[in-house]
Amino acid sequence: MQSTFHSGRHNSRALLSLVHPNKELFQRQRALLRSTIPAGFPSPADDYVAGHLSLDEHLVKHKESTFFMRVAGVSMRGVGIYDGDLLVVDRAVPATHGCVVIAVVDGEFTVKQLLRMPEGPVLRAAHPDYPDQPIKPDQDFSIWGVVQWNVHKV
Amino acid sequence: MQRAIALVDCDNFYVSCERLFQPQLEGKPVVVLSNNDGCVVSRSQEAKDLGIGMALPWYQLQDAARKHGIIALSSNYTLYADLSNRVMSLLSQFSPDQEIYSIDESFLDLSGIPADLTDYGQQIRRAIWQCVGIPVCVGIAASKTLAKLASHVAKKQPYYHSVCDFNRMTDAELDIMLDNIEVGEIWGVGKRSTAQLRTMGIHTVLDLKHVSPMCIRNKFSVVLERTVAELNGVSCLKLEDAPPPRQQIICSRSFGSPVSNLPDLGQAVIAYTTRAAEKLRGQHSIAGGIHIYIRTNPHKINEPQYQQSILIALPEPTDDTRKLCHTALNGLRQIYRNGYAYQKTGVILTAITPASGQSRTLFDDIAAQHQSSALMATLDHINRRMGSGTLRLLGEGVKKNWAMRRKNMSRRYTTEWSELAVCRS
């Protein structure tokens, strides 16, 4: 008849409602479950149920310091970050030489590769039309977070 | 062993939250306004330096705002709550014992932590700043009351670099410090007590510290007597890990513009009752009564004035939004009078008891109760996942003529996929 994979669990729920003193509730539950009460053995896979895979768990290492941001523009195309993509940004990760970072330049968020050069930080795009952007001492500049993942719709 | 209790307090919390996602606000005078863009509830240091007071009505500030370029934002509690949860969660990693005192303050018990506590406080600051981008200051002392004062000193005196540990000071040094703080700054000492203490010649914290506890108990209360003990370094107030369930749940707001017809008022009452019922279920309680009130704007003295309230007992205590709304609407119909421009309505749930202790009667419809709690659990689940108000009673209305004014609200950067911050690429 129906899938028997979860039959073990349904079976035990049906048993629970059998002893329920309320007749009406019992009848309603039985009606709901009628089609899936099997007569046979419980599923042999029941002991191996391991939950499900959570993308959150995979993409978010530090839940307190992780934020999502939306990309606008094409300057990072070379590393696979496209217009409209969703970035997973962690503020707790140190921004080392070569990281892709969210930087704040003159009050605006920008995503670029960070180069820590002897003469000061440089922001590098991944697109032939965008030259390197050395940060001038008088510029308002800070690193907001480090890009950990890019979620791109295929 | 001397206790070491820390109070961690976020600086200008709402403004700091706004700046995290709008870095262009850095260095500018910024204020956040209360619901309906009424009063100033948070100010950046630049706004404080311009003399913008707390709780000032925004309309009184229009001229100053234009002159100094003050930026006023509507409050975005969704954003603040999310960032607050992140801060509190990080703080819990610094101590086995935490009390979340408010949206932007938390006590931590640091007793017995084998570290230089000033350094430890700096570590806390760095971690919160790095991970959530919110500046905090830390006050450490032998009691909660003193820790509050220490955080006040940490905030006001640049010498301490935002971390002040009273336990490190000698008694003489601490007394000099306390002599420079007015008695009204003490946690739990209100305006009236302050005035009365002044008539007794008690002006500073140090003055109160040295008063005989007996005298305070006779003239004031046991509560203030305990405050005096706490000022003397005797820890009397424990850290509460969970706030006690509330005995009353209030949801009331002023309207964006005056409302005079019953259907619009009804929508507002349903919306507020829905919110209150959510909170009620959040603390696993049921309510036995609802208080409804409506009033016109008392400041518009030329307009006809009316205010009325009514308390209605529920046939049986419940946490079901539908039953609460039904009763609330009945109440509203009884107190509503035609021909007035109403400014505010409020809903108060009372006679609150734990849901688990509900007594059964012979005539209880158990099946209906099961169905009701299943429905409410589903409703709460969906609204938690998909955003507050996703699933609601139709009676709340769709157009909402009465909705709050929030002219200048920032986006919900951390809780809505469609409102994420954008970075240029």
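The legends below describe several close-up views of a predicted model.

In this predicted model, local features need pLDDT of at least 70, side-chain atom pairs count only at pLDDT 80 or more, and totals for chains, interfaces and linings use all residues. Residues are numbered from 1 along each chain as its sequence is written, chains are lettered from A and ligands numbered from 1 in the order in which they are written, and side-chain values use heavy atoms, with hydrogens and water left out.

**View 1. Chain A holds 3 helices and 7 strands.** Helices (H or I, at least four residues) and strands (E, at least two) are DSSP runs, numbered from the N terminus. Read from the N terminus on, the elements of chain A follow the order α-α-α-β-β-β-β-β-β-β. Of the 154 residues in chain A, 37% are buried, where buried means under 20% relative accessible area, exposed over 50%, and partly exposed in between (1.4 Å probe, protein chains only).

**View 2. Strands β4, β5 and β6 of chain A are linked by antiparallel pairing.** Two strands pair if DSSP finds at least two bridges between them. Strand β4(A) (residues 108-117) and strand β5(A) (residues 120-124) pair in the antiparallel sense over 5 bridges, and the two form a hairpin with 2 residues between them. Within this pairing, R116(A) stands opposite P121(A) in β5(A). Strand β5(A) is also joined by 2 bridges to the antiparallel strand β6(A) (residues 133-134), in which P134(A) is the bridge partner of V122(A).

**View 3. Helices α6 and α11 of chain B pack at an angle of about 65°.** The axes of α6(B) (residues 144-156) and α11(B) (residues 222-231) lie 7 Å apart; axes are lines fitted to C-alpha atoms, for helices over the stretch in contact, and angles run from 0 to 180 degrees between N-to-C directions. The two helices are therefore roughly perpendicular to each other, a term for angles of 65 to 115 degrees. From α6(B), the residues K144(B), T145(B), L146(B) and L149(B) meet T227(B), E230(B) and L231(B) of α11(B), with contact meaning heavy atoms within 4.5 Å.

**View 4. Helix α11 of chain B has several buried residues.** These are L224(B), E225(B), T227(B), V228(B), E230(B) and L231(B), and what covers them includes α6(B), α9(B) (205-209) and α10(B) (213-219). Helix α11(B) is followed by G233(B), whose phi is positive, near 85°.

Conventions:
Parallel < 35°, antiparallel > 145°, perpendicular 65-115°, else oblique.
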